[in-house]
Amino acid sequence: MSNVSGVIKSIQDIMRKDAGVDGDAQRIGQLVWMFFLKILDDQEESLSLLSDDYKSPIPAHLRWSAWAANPEGITGEALLDFINNQLFPKLKNLPIEGEERSRAIVIRAAFEDAYNYMKNGTLIRQVINKINEIDFNSTGDKHAFGDVYEQILKDLQSAGNSGEFYTPRSVTQFMVDMLDPKLDEMVLDPACGTGGFLAHVMDHKSDHYIQSTDDAETVQKTIFGVEKKALPHLLCVTNMMLHGIEAPTNIAHDNTLSSPLKDHRWRGKVDVIVTNPPFGGVEEDGIEKNVPQAFQTRETADLFLVLIIELLKEGGRAAVVLPDGTLFGEGIKTRIKEKLMTECNLHTIVRLPNGVFNPYTGIKTNLLFFEKGKQTEEVWFYEHPYPEGYKSYSKTKPMRIEEFEGERSEKAWWGDVKTREGREENDRAWKVSAKEIKANGYNLDITNPHRKDEGHKDPAELLAAWQQNRKALAETQEELKAVLAEALTKTTAA
């Protein structure tokens, strides 16, 4: 097995020598289309062994194995000319026909917004030869590449725009585990980014429900994602291929918010939604018109929350990452929270500590779990603590799945995954009635009543303490005045 991490580092070092590649985003964009073709070629090699009738939708001379696999193959200006004037134009306009139509759709979509940034054909050949050291049909290489792939995603987020954050693996796994998507349930991430949630859904279904080839095919048909930006979309498609989906046609390059809600193709049809919608950003003009007037805003996270409520079927369930601002926000946010608690059972809010999304943002976040079709009667809150010895998270000290044992293990607080029976209040957990939340203007930013730190006392207590301190200060001032007056009197007398 090759040293996959070392291979990636070598590739990045080679790319830095090329005048055409400027910064992390372009380097990752270059890496991704090349990895896509290599993964596709390894996948097609495997399919050819399984079926004598398999025919690739890519013309023979454009397949990776034809022009890239030979380390002594085409290089320099000839390679650059081939990529720019043959490979890209053909793949961008690949015919959508025949038995491999679905794979052709995926390939064409992958290259729709892809670009060859590198200008030096000799350096391109060096990169290609390094990529060829990885065998994506090898379980070991595939597993090792999974970790490297995650690092590529983190690098992408470092180069990303406001509102785009890499969701830690521990958070995605916990949310998927608590939703427990079944074999044939339709699962959607309407803002799927690079596919972290969907990859965990694939893993979860594989670990718990796949028992046959037919089951595996069922799972492939039940995973849906939408991503509006080109590079994350291509990364997601590649991620799904690595997780065994041969033709990820259900990963759309689109904006889920761009369709009017009343006419949305998935309205009332989705079993499970799991997502971390962009927050801190705003949508383009006109997008807000796709939701009812009472909920119209340009704030992305709010629009996605309305969308998710509408797309869930009766009995459907969701887990969503949302910022503190959604919990305590007023105005339109209040109306959206009223809709959520009226149309869904908002049964759980896990309050994450600061720094979960470091170094991308310091915004404090929450995990909201709810089910469509029954209004909320009470909301359980769980305040997730830092691990012992931690004061925050960082790139070198990220959140780990083991930290969720307090919430998720069978003997822990969550209770039965489906019914949540057996929950009890403790130092970290408390419940609040829907009536109380409604009376408080649907403010969900509710402090842990069991916490004893000074910063969260009752306002009346804080006011009384302030008045007492003020009185003591006044008395001290009077004493000082008296001492000074006495000292002055003595000085004058002398």
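1. E310 and K339 form a salt bridge whose closest N and O atoms are 2.6 Å apart in this predicted model. E310 belongs to helix α12 (residues 300-311) and K339 to helix α14 (residues 332-343), so the bridge ties together parts that are 29 residues apart in sequence. Both partners are buried.

2. K339 also forms a salt bridge with E343, with the closest N and O atoms 3.0 Å apart. This pair lies within helix α14, its members four residues apart, or about one turn of the helix. K339 is buried because its relative accessible area of 9% falls under 20%. E343, at 28%, is partly exposed.

3. The structure holds 23 salt bridges in total. Another of them joins D41 to R63, where the closest N and O atoms are 3.7 Å apart. D41 sits in helix α2 (residues 23-50), whereas R63 is in the loop between α2 and α3 (64-67); the two are 22 residues apart, and the pair links distant parts of the chain. D41 and R63 are both buried. Together with E44, E100 and R103, they are linked in a network of salt bridges.

4. Where is H384 found? H384 is in the loop between β8 (378-383) and α15 (405-408), and is buried with a relative accessible area of 3%. The side chains of H384 and E407 are joined by a polar contact of 2.7 Å. Beyond four places in sequence, the residues in contact with H384 include V350, R351, L352, P353, Y393 and F404.

Terms used. Residues are numbered from 1 along each chain as its sequence is written. This is a predicted model: local features need pLDDT of at least 70, side-chain atom pairs count only at pLDDT 80 or more; totals for chains, interfaces and linings use all residues. Side-chain values use heavy atoms; hydrogens and water are left out. Buried means under 20% relative accessible area, exposed over 50%, partly exposed in between (1.4 Å probe, protein chains only). A polar contact is a pair of N or O atoms within 3.5 Å; within protein, one must be able to donate a hydrogen and the other to accept it, and residues adjacent in sequence count only if both atoms are side-chain atoms. Contact means heavy atoms within 4.5 Å. A salt bridge is a side-chain nitrogen of Lys or Arg within 4 Å of a carboxyl oxygen of Asp or Glu.
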